[in-house]
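I opened this model to look up its fold and its surface charge. My entries are below.

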Amino acid sequence: MRNSIEKRRQKLINKLVMFNIYKIDGKQLYEVSLSSLQAEYKKIQKQFHPHGEFDSIRWT
């Protein structure tokens, strides 16, 4: 289970780096919790995806 959580964290970190996000609240991405990474990614999705607020299309 821990391995799958770390894989998910790494995927989110990679996606955030693609959007030039390297820190959240002054902390490096690898220092931030999974839930914070997910929240930041959802925020970015809504900003860049035309249907983000409707959750009609999901990015993987």
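Basis. I am working with a predicted model, in which local features need pLDDT of at least 70, side-chain atom pairs count only at pLDDT 80 or more, and totals for chains, interfaces and linings use all residues. I number residues from 1 along each chain as its sequence is written, and side-chain values use heavy atoms, with hydrogens and water left out.

Fold. I find two helices and two strands in the protein chain, in the order α-β-β-α from the N terminus. Helices (H or I, at least four residues) and strands (E, at least two) are DSSP runs, numbered from the N terminus. Of contacts (heavy atoms within 4.5 Å) between residues at least 6 apart in sequence, 38% join residues at least 24 apart.

Surface. I note an accessible surface of about 4,800 Å², 53% of it belonging to carbon and sulfur atoms. The areas come from the Shrake-Rupley method with a 1.4 Å probe; for residues, only the protein chains shown count as cover. The chain has 60 residues, and 27% of them count as buried. Buried means under 20% relative accessible area, exposed over 50%, and partly exposed in between.

Patch. Which residues form the positive surface patch? I list Lys7, Arg8, Lys11, Lys42 and Lys46. Patch residues have over 30% relative accessible area and no salt bridge, and like charges are joined within 9 Å. A salt bridge is a side-chain nitrogen of Lys or Arg within 4 Å of a carboxyl oxygen of Asp or Glu. Helix α1 (2-18) and helix α2 (34-48) each supply at least two patch residues; the largest share, three residues, comes from α1. Lys46 sits in α2 and counts as exposed because its relative accessibility is 51%.

Notes: Patch = residues over 30% accessible without salt bridge, like charges linked within 9 Å, V, L, I, M, F, W, Y side chains within 5 Å. Lys, Arg positive; Asp, Glu negative; His and termini not counted. Charge placed at Lys NZ, Arg CZ, Asp CG, Glu CD. Buried < 20%, exposed > 50% of the residue type's maximum accessible area, 1.4 Å probe, protein only.
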